[in-house]
Amino acid sequence: MAEEGLLLPASSTSSSSSLLSEISNACTRPFVLAFIVGSCGAFAFGCIIGYSAPTQTSIMKDLNLSVADAIFTIWIDIDGGVNPWSINLWETIWITNILFVIGWFAIAFAKGVWLLDLGRLLQGISIGISVYLGPVYITEIAPRNLRGAASSFAQLFAGVGISVFYALGTIVAWRNLAILGCIPSLMVLPLLFFIPESPRWLAKVGREMEVEAVLLSLRGEKSDVSDEAAEILEYTEHVKQQQDIDDRGFFKLFQRKYAFSLSIGVVLIALPQLGGLNGYSFYTDSIFISTGVSSDFGFISTSVVQMFGGILGTVLVDVSGRRFSSWNVLGLSYHSHFILLEGMENHCWETGTPVLALFSVMVYFGSYGSGMGSIPWIIASEIYPVDVKGAAGTMCNLVSSISAWLVAYSFSYLLQWSSTGTFLMFATVAGLGFVFIAKLVPETKGKSLEEIQSLFTDSPPQDSTIF
């Protein structure tokens with residue numbers, strides 16, 4: 001059944017042509033600069049994720065660290081409940097990128113484990129804010145028919161960052177690689193003087209007169225944005241009226257009307273992590289070594305596959321839709337775990353046949369690049385109304401961080417317990433996620449953010465199966 005899901009819809013060719021037309025119309029300078037900022041943030045995130053696997057062995061050797069000490073690679077997200085929608089976007093990106101740079105320098109000049117921990121902690125705080133804020137910003141400034149592609153393409157750079165650091169980690173010393181990690185953050189800072197605020201954020205903070213002007217700068221001066229501006233202002237006013245009636249701060253997120261959207265967001269965010277993402281990402285080197293694969297060849301091959309997967313996912317997200325794409329990539333993830341299981345059960349590693357190990361890792365990272373990494377955050381950035389966006393982001397970050405920490409911390413111990421059992425658990429999570437998406441997650445492609453949010457808060461869809 002998963003194999004059938006991998007086929008493209010018959011209408012994909014015409015949809016691709018329409019997508020290219022939308023892209024050409026949206027290439028205004030403010031939109032392009034905003035997109036670059038989002039892409040650099042995603043690239044910085046990818047560099048952080050990709051840093052650990054190729055460098056972990058060298059760091060442990062150079063600093064004489066134990067396996068327990070080496071779990072510094074687990075970054076901690078303690079954004080402290082900061083609501084990114086209550087502060088200025090420009091200030092937020094400044095803060096997160098400065099913390100990224102300080103974190104990289106702490107790692108580069110570390111003489112012991114405490115500076116490594118500090119560097120990862122600072123990076124974790126930055127990730128906790130930017131991993132949600134970036135997709136939200138892109139979705140709020142992009143045209144509805146281009147929103148998924150723009151968000152996915154920006155998030156593609158997270159996969160590119162992982163791939164680049166996987167490849168560079170085979171030839172660059174770990175301290176020098178940390179210095180290189182500062183580059184994307186330093187590139188972002190000058191661009192902040194030229195990007196617009198989100199029109200929906202402007203409406204929320206009472207700057208209604210600026211909404212249409214910002215939309216014109218994003219869509220082009222010849223565009224008719226009156227209907228879009230009116231829809232944004234009308235929906236924002238409706239949300240404000242509801243907020244005046246019921247102003248419970250963070251806890252309003254747990255009202256019954258948000259239960260469906262909160263459940264969708266939390267489960268989708270947790271799925272990649274509980275499906276083994278940080279296990280594969282942080283311990284790829286260990287997997288390759290234990291199964292007889294050349295680490296350098298494995299990292300380079302994985303990097304290439306992940307980038308191609310990301311390009312494919314960017315095209316498909318607005319052609320076949322979010323739900324269809326995420327359903328397919330979870331199917332690929334499910335199969336990758338069972339490829340590893342088959343090799344373990346048949347003792348392929350013991351007979352000197354590492355092909356299945358390399359292939360399974362390539363399939364897994366190909367599925368991550370194709371959408372498993374980006375689509376949950378795209379959907380999470382679309383489904384929450386402006387009054388609970390910050391609280392929802394904090395909740396999604398918290399769930400992502402806890403699930404990521406659990407997998408990253410326990411992965412090496414789980415492998416010592418039972419490698420077969422470990423990947424069987426990950427496969428079970430992927431299988432359950434496959435069913436969850438097919439039965440409960442509605443399609444958001446082609447809808448305005450206001451339509452999507454009304455869909456989730458008014459009533460869950462009666463029939464949202466793929467078939």
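**View 1. E212 in helix 10 of the predicted model.** At 40% relative accessibility, E212 counts as partly exposed, a class between buried (under 20% relative accessible area) and exposed (over 50%), computed with a 1.4 Å probe on protein chains only. E212 lies in helix 10, residues 211-219, where helices are DSSP runs of H or I with at least four residues, numbered from the N terminus. Leaving aside neighbours within four places in sequence, E212 is in contact with V225 and A229, contact being defined as heavy atoms within 4.5 Å.

Residues are numbered from 1 along each chain as its sequence is written, and side-chain values use heavy atoms, with hydrogens and water left out.

View 2. S400, placed in helix 19 (residues 389-417), counts as buried because its relative accessibility is 8%. Not counting residues up to four places away in sequence, S400 touches I269, Q273 and W377. W377 is itself one of the buried residues of helix 18, a helix spanning residues 375-383 that is mostly covered, with nine of its nine residues buried.

**View 3. The nonpolar cores.** A nonpolar core is here a set of buried Ala, Val, Leu, Ile, Met, Phe, Trp, Tyr and Cys residues joined through side-chain atoms within 4.5 Å. The largest such core has 82 residues, and those with the most contacts inside it are Y51, W104, L116, I264 and Y384. Helix 3 (residues 29-63) supplies the largest share of this core, 11 residues. A second, separate core has 26 residues, including I138, A142, I195 and A203.

**View 4. The second largest cavity.** On a 1 Å grid over the protein atoms alone, a cavity is a set of points where a 1.4 Å probe fits but cannot get out, and lining residues have an atom within 4 Å of a point. The second largest cavity holds about 240 Å³ of space, and of the 18 residues that line it, the closest to its centre are G38, G41, A42, S130 and G134. Helix 5 gives the most to this lining, with six residues. By class, the lining has 11 nonpolar, seven polar and no charged residues, with Gly counted among the polar ones.

Methods:
This is a predicted model: local features need pLDDT of at least 70, side-chain atom pairs count only at pLDDT 80 or more; totals for chains, interfaces and linings use all residues. Helices (H or I, at least four residues) and strands (E, at least two) are DSSP runs, numbered from the N terminus. On a 1 Å grid over the protein atoms alone, a cavity is a set of points where a 1.4 Å probe fits but cannot get out, and a pocket is an open set with protein on both sides within 12 Å along at least five of seven lines; lining residues have an atom within 4 Å of a point. Grid points are joined across faces, edges and corners, and a volume is the space filled by probe spheres set on the points.
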